[in-house]
Amino acid sequence: MIHAHGCKVFLQAAIVDLVFEIDGELYRVPISRLTAENISEVVELFKAAGYDGVQLHAAHGFFLSQYLNRDDRILGDILDLIRSVVSENFCLLAKINGENCIDACKIMAAHGVDAIEISGNYTSREARANDGEGYFLKYAEAVLERVNVPIILVGGLRSVETMNKILATTDIEPVSLSRALIREPNIVNRWRGGDLRPSTCIGCNGCYRMRGHVCIFNLRRGGRRLLQSMRVQNVRRELRYPHADGVSDS
């Protein structure tokens with residue numbers, strides 16, 4: 001269906017554990033114990049399903065983030081094996097936390113990753129408060145100076161004006177939307193049609209608490225009650241953990 005509209009489609013491999021069937025029995029394998037062969041088999045399944053590429057999640061504790069603080073050769077071997085089972089036209093992306101990621105990004109670029117999305121984890125709350133839209137830009141630019149693959153910017157992007165300014169004044173090539181699309185799935189078509197009002201997403205993270213990641217403001221009932229409950233919970237959390245950080249990245 002997506003290809004019929006001339007659009008490429010990628011799947012994000014945000015894997016925690018995998019379940020394998022052996023002789024009719026199911027076995028759960030933590031991602032930290034998977035072999036490079038296991039991981040390449042997963043990517044090959046994405047290819048067989050008709051995707052044009054896959055984003056290997058190496059941020060927020062998911063998937064390849066389990067390998068970033070181990071032997072660099074492990075990460076390189078995994079990427080080499082993944083690249084060996086897919087065609088040259090199959091695009092490999094990676095997503096990684098922006099702090100202290102330069103060495104890992106260099107390994108990714110050297111082992112077949114086509115582009116890297118710079119995200120964040122516990123750093124994002126401070127960044128949102130201080131920098132507004134595009135709050136991972138300083139991390140993305142730092143990676144750009146040292147890595148020779150395109151860098152994708154994510155992080156609170158809500159307006160065409162801001163995105164155009166970033167694209168015009170930096171070497172960032174692609175930008176990425178997340179919660180803005182959850183709030184308004186048709187927002188890109190709206191912008192293309194000439195209505196350039198920014199996204200109405202307020203970054204409350206209510207969608208992360210809903211089954212299927214649904215915007216609470218798009219619900220018929222209960223959305224505002226949930227938002228109020230979240231605000232109360234956040235106030236209580238601040239009272240108990242005044243220096244705790246949030247985990248949202250986009």
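This is a chat about a predicted model of one protein chain.

Visitor: Hi! How many helices and strands are there in the chain?

Guide: Hello! The chain has 9 helices and 7 strands. Keep in mind that this is a predicted model.

Visitor: And what share of the residues is buried?

Guide: Buried residues are 42% of the 250 in the chain.

Visitor: Let's talk about the sheet. What is the order of its strands?

Guide: The order is E1-E4-E5-E6-E7, an open sheet of 5 strands with parallel pairing. Strand E1 (10–13) and strand E7 (151–153) are the edge strands, each pairing on one side only. From one strand to the next, the twist averages 25 degrees.

Visitor: What holds strands of a sheet together as pairs?

Guide: In general, strands pair through backbone hydrogen bonds, in either a parallel or an antiparallel way.

Visitor: Over how many bridges do E6 and E7 pair?

Guide: Over 3 bridges, in the parallel sense, with E6 covering residues 115–119. Within that region, Ile116 stands opposite Ile151 in E7.

Visitor: Which strands does helix H5 touch?

Guide: Helix H5 (residues 137–144) packs on the sheet and touches E6 and E7. The direction of H5 makes about 175 degrees with that of E7.

Visitor: What about helix H3, where does that one lie?

Guide: Helix H3 (residues 102–110) lies across strand E4 (53–58), strand E5 (91–97) and E6. Relative to E5, H3 runs at about 175 degrees.

Visitor: Switching topic: where is Ser176?

Guide: Ser176 sits in the loop between helix H6 (160–169) and helix H7 (179–183).

Visitor: Is Ser176 buried or exposed?

Guide: Ser176 counts as buried, because its relative accessibility is 17% and the cut-off for buried is under 20%.

Visitor: Which residues does Ser176 touch?

Guide: Leaving out residues up to four places away in sequence, Ser176 touches Glu117, Ile152, Leu153, Val154 and Leu157. With Glu117, the Ser176 side chain makes a polar contact, side chain to side chain, at 2.8 Å.

Visitor: How far apart are Ser176 and Gly155?

Guide: They are 21 residues apart in sequence, and 7.8 Å apart in space from C-alpha to C-alpha.

Visitor: Which residues are the closest to its centre?

Guide: Arg183, Cys201, Cys204, Cys207 and Cys215 are the closest to the centre of the largest cavity, out of 14 residues that line it.

Note on methods. Residues are numbered from 1 along each chain as its sequence is written. This is a predicted model: local features need pLDDT of at least 70, side-chain atom pairs count only at pLDDT 80 or more; totals for chains, interfaces and linings use all residues. Side-chain values use heavy atoms; hydrogens and water are left out. Helices (H or I, at least four residues) and strands (E, at least two) are DSSP runs, numbered from the N terminus. Buried means under 20% relative accessible area, exposed over 50%, partly exposed in between (1.4 Å probe, protein chains only). Contact means heavy atoms within 4.5 Å. A polar contact is a pair of N or O atoms within 3.5 Å; within protein, one must be able to donate a hydrogen and the other to accept it, and residues adjacent in sequence count only if both atoms are side-chain atoms. Two strands pair if DSSP finds at least two bridges between them. Axes are lines fitted to C-alpha atoms, for helices over the stretch in contact, and angles run from 0 to 180 degrees between N-to-C directions. On a 1 Å grid over the protein atoms alone, a cavity is a set of points where a 1.4 Å probe fits but cannot get out, and a pocket is an open set with protein on both sides within 12 Å along at least five of seven lines; lining residues have an atom within 4 Å of a point.
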